[in-house]
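Let's take a friendly look at how the inside of this protein is packed. Have the viewer ready and follow along.

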Amino acid sequence: STWGLHSSKLALSLHSSRLMSSDSAKDLMVGVLGRGQVGKSLLCVRFVFGHAPTEPRGPHLEEEYVRVANNVTYHILDMPGSDQISMCTELFMARAGVVVIAYALNDLDSVTEAGVLVDKLAAARVRLNQLEKTAVLFVGCKSDLPRTVSQEAVQALVDKAHGHGIAAATAFECSSVTGSGVDEIFKAAADFAKALDLFVTPKRKGCVMM
């Protein structure tokens with residue numbers, strides 16, 4: 001199998017900071033998993049708000065972010081570190097159409113943990129007979145720092161996902177500090193959702209960041 005490595009410069013423009021209705025956009029659930037401190041929360045904040053947090057972020061429980069982009073309403077659930085996976089996390093893993101599994105490009109152990117997470121994700125989707133409705137994006141965070149993770153190690157993650165029968169899997173690199181590669185990740189999530197029919201009908205209306 002093949003994978004694409006994307007790290008082009010982000011040119012994110014928030015057209016409006018107003019809260020607006022999402023009636024015209026399709027809804028997509030995106031789960032973000034990964035070991036603690038790999039940068040997955042920074043990834044979510046960068047995509048939703050267009051900048052990195054100004055203050056350090058500590059450990060947290062599940063947090064949901066909502067943003068409209070690419071004519072999609074993204075419902076992004078940022079999970080706690082994989083050492084704190086709860087039943088709620090596992091339920092979302094079973095429901096989210098697109099799952100981002102994050103690791104740090106300067107942390108080999110986080111790649112090992114990403115492999116464990118794709119195993120758990122596949123098991124959850126098998127129970128629901130939904131492997132053919134699953135897309136996984138492996139995201140190497142902290143591309144602005146010296147890397148210790150090889151491309152071969154990332155390829156092994158993608159191969160593992162395909163080996164489980166997951167419908168679509170690919171890999172990206174990004175830096176939430178510089179913004180490089182962030183927008184492309186969520187654009188790919190929307191592309192996978194369109195190809196695999198992963199959009200959902202929202203259960204409630206709300207306000208989202210445009």
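A nonpolar core, as used here, is a set of buried Ala, Val, Leu, Ile, Met, Phe, Trp, Tyr and Cys residues joined through side-chain atoms within 4.5 Å. Please keep in mind that this is a predicted model.

The largest such core has 35 residues, and Leu28, Val30, Tyr74, Ile76, Leu137, Val139 and Ile185 are those with the most contacts inside it. Several elements supply at least two residues each, among them β2 (26–34), α1 (40–49), β4 (72–78) and α5 (182–196). Helix α5 gives the largest share, nine residues. A second, separate core has 25 residues, including Leu77, Ala96, Tyr103 and Val136.

Now for the rings. The structure holds four aromatic pairs, and two of them share Phe47:

| Pair | Centre distance | Plane angle | Arrangement |
|---|---|---|---|
| Phe47 and Tyr74 | 5.2 Å | 80 degrees | edge-to-face |
| Phe47 and Phe186 | 4.0 Å | 15 degrees | stacked |

Phe47 lies in helix α1 and Tyr74 in strand β4, so their pair ties together parts that are 27 residues apart in sequence. The pair with Phe186, in helix α5, links parts of the chain 139 residues apart. Phe47, Tyr74 and Phe186 form one aromatic cluster.

Is Phe47 buried or exposed? Phe47 has 0% relative accessibility, so it counts as buried. Tyr74 is buried too, at 0%, and so is Phe186. Finally, Arg67 lies over the face of Phe47, 4.8 Å from the ring centre.

Methods. Residues are numbered from 1 along each chain as its sequence is written. This is a predicted model: local features need pLDDT of at least 70, side-chain atom pairs count only at pLDDT 80 or more; totals for chains, interfaces and linings use all residues. Side-chain values use heavy atoms; hydrogens and water are left out. Buried means under 20% relative accessible area, exposed over 50%, partly exposed in between (1.4 Å probe, protein chains only). Helices (H or I, at least four residues) and strands (E, at least two) are DSSP runs, numbered from the N terminus. Rings of Phe, Tyr and Trp (its six-membered ring) pair if their centres lie within 6.5 Å; planes under 30 degrees apart count as stacked, over 60 as edge-to-face and the rest as tilted. A charge sits over a ring if NZ of Lys or CZ of Arg is within 6 Å of the ring centre and within 35 degrees of the ring normal.
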